[in-house]
Amino acid sequence: MPIPSYQRFMYPLLEMAADGEAHSMEEAYEVLAGKFNLSKEDRAELLPSGGQSRYENRVGWARTYLTKAGLLESPGRGQFKITAEGRRVLQSGITELNNQYLMQFPGFVEFKRRGRTVDETSSEEEVSNETTPDEQLEQLHLVLRRQLAQELLARVKQCSPAFFERLVVQLLVAMGYGGSVADAGKAVGRSGDDGIDGIIKQDRLGLDNIYIQAKRWERTVPSEVVRTFHGSLALQRASRGVIITTSDFSSSAIETAKALGNIVLIDGNTLADFMIEYNVGVTVAARYEVKRVDRDFFEES
């Protein structure tokens, strides 16, 4: 089942602390997973960065919000305990907690006020109120990356075919094939080249070559292009080839490449993603560090 939002974890977490004892977050993960019938696969789902479980991130933020509102307190590392205010809330008869309810508590209001940014209102269409701040940050990063990919692909489509041929060779070198551009790859792109636009060494020793066909197209690449390129590879006695396009491939072209087994297809979206990942045609505009409290620092022996 879909992992519940962090707000849905608030009331069960507070209810779990109703006995007045200190509970660990590890205990909370187990109890809430059982309450919401979450499978091992659900609990293993990671945030896009791969650095943390989405489930544990949401439970953690539920605890943080309840703590900021004064309904829970932290008696020790990785622990939580109900407060007198938390008991009052449970005794009020409510059965659900959310951010709107927590806005009645001054500590939570101040916490939210400090967390607001000048760009928050412009970002509301891109992020959901059901997601944690960590998830929102990652979602915004993905939004910026998608926008960059679209802009990058548009610029590539404006370049000349010759420039595009050199670009794809440079990209493959950046991905680790053959070392430097000078000794690893060369753009061919001339009449009578049997449909080969570039050649790049598969490894630094040059034991095998990868042949490239670059299609700076707007229209979909059909299966005929894949079959023709396969014939060109046979003429060159080449074992591997890559077709890179600024558009996309037809379903029959994809199936043909799978059947042939020695041709990799890279469409426009994948091309833009690779360029971003391997820093080809892009530059770093800014870096932001996300820091957390070092709990070990505050441990007193």
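Biologist: Where do I start with contacts: among those between residues at least 6 apart in sequence, what percentage joins residues at least 24 apart?

Modeller: A contact means heavy atoms within 4.5 Å. In this protein, 60% of the contacts between residues at least 6 apart in sequence join residues at least 24 apart. One caution: this is a predicted model, where local features need pLDDT of at least 70 and side-chain atom pairs count only at pLDDT 80 or more, while totals for chains, interfaces and linings use all residues. Residues are numbered from 1 along each chain as its sequence is written, and side-chain values use heavy atoms, with hydrogens and water left out.

Biologist: How many helices and strands are there, and what share of the residues is buried?

Modeller: Helices (H or I, at least four residues) and strands (E, at least two) are DSSP runs, numbered from the N terminus. The protein has 14 helices and eight strands. Buried means under 20% relative accessible area, exposed over 50%, and partly exposed in between, with a 1.4 Å probe and protein chains only. By that rule, 39% of the 301 residues are buried. For total surface, the Shrake-Rupley method with a 1.4 Å probe gives about 17800 Å², with 48% of it belonging to carbon and sulfur atoms.

Biologist: Let's zoom in on a helix. What length does α12 reach, and what is expected?

Modeller: The expected span is 1.5 Å times one less than the number of residues. Helix α12 (residues 223-235) has 13 residues and reaches 19 Å from first C-alpha to last, close to the expected 18 Å.

Biologist: Which residues of α12 are buried, and what covers them?

Modeller: Residues three or four places apart on an α-helix point the same way, because there are 3.6 residues a turn. In α12, the buried ones are S223, V225, V226, F229, S232 and L233. Their cover includes β6 (209-215), β7 (241-245), α13 (251-260) and β8 (263-266).

Biologist: Now strands. What is the order in the open sheet of three strands?

Modeller: Strands of a sheet pair through backbone hydrogen bonds, either parallel or antiparallel. Two strands count as paired if DSSP finds at least two bridges between them. Here the order is β1-β3-β2, with antiparallel pairing. β1 and β2 are at the edges with a single partner strand each, so one side of each lacks a neighbour in the sheet. Strand β1 (residues 23-24) meets β3 over two bridges, with S24 opposite Q79. Strand β2 (residues 72-73) also meets β3 over two bridges, and L72 has I82 as its bridge partner. The hairpin of β2 and β3 has five residues between the strands, and G78 there takes a positive phi near 65°.

Biologist: Which residues of β3 are on the covered face, and which on the uncovered one?

Modeller: In β3 (residues 79-82), F80 and I82 are on the covered face, whereas Q79 and K81 are on the uncovered one.

Biologist: How many aromatic pairs does the structure hold?

Modeller: Rings of Phe, Tyr and Trp (its six-membered ring) pair if their centres lie within 6.5 Å; planes under 30 degrees apart are stacked, over 60 edge-to-face, and the rest tilted. The structure holds ten such pairs. Take F9 and Y55: their ring centres are 5.6 Å apart and their planes at 75°, so the pair is edge-to-face. F9 lies in the segment before α1 (10-16) and Y55 in α4 (residues 54-68), so the pair ties together parts 46 residues apart in sequence. Both F9 and Y55 are buried. Separately, Y6, W61, Y65, F108 and F111 form one aromatic cluster.

Biologist: What does N99 touch?

Modeller: Leaving out residues up to four places away in sequence, N99 touches Y6, Q7, M10, Y65, F108 and K112. N99 is in helix α6 (residues 99-102) and is buried, with a relative accessible area of 13%.
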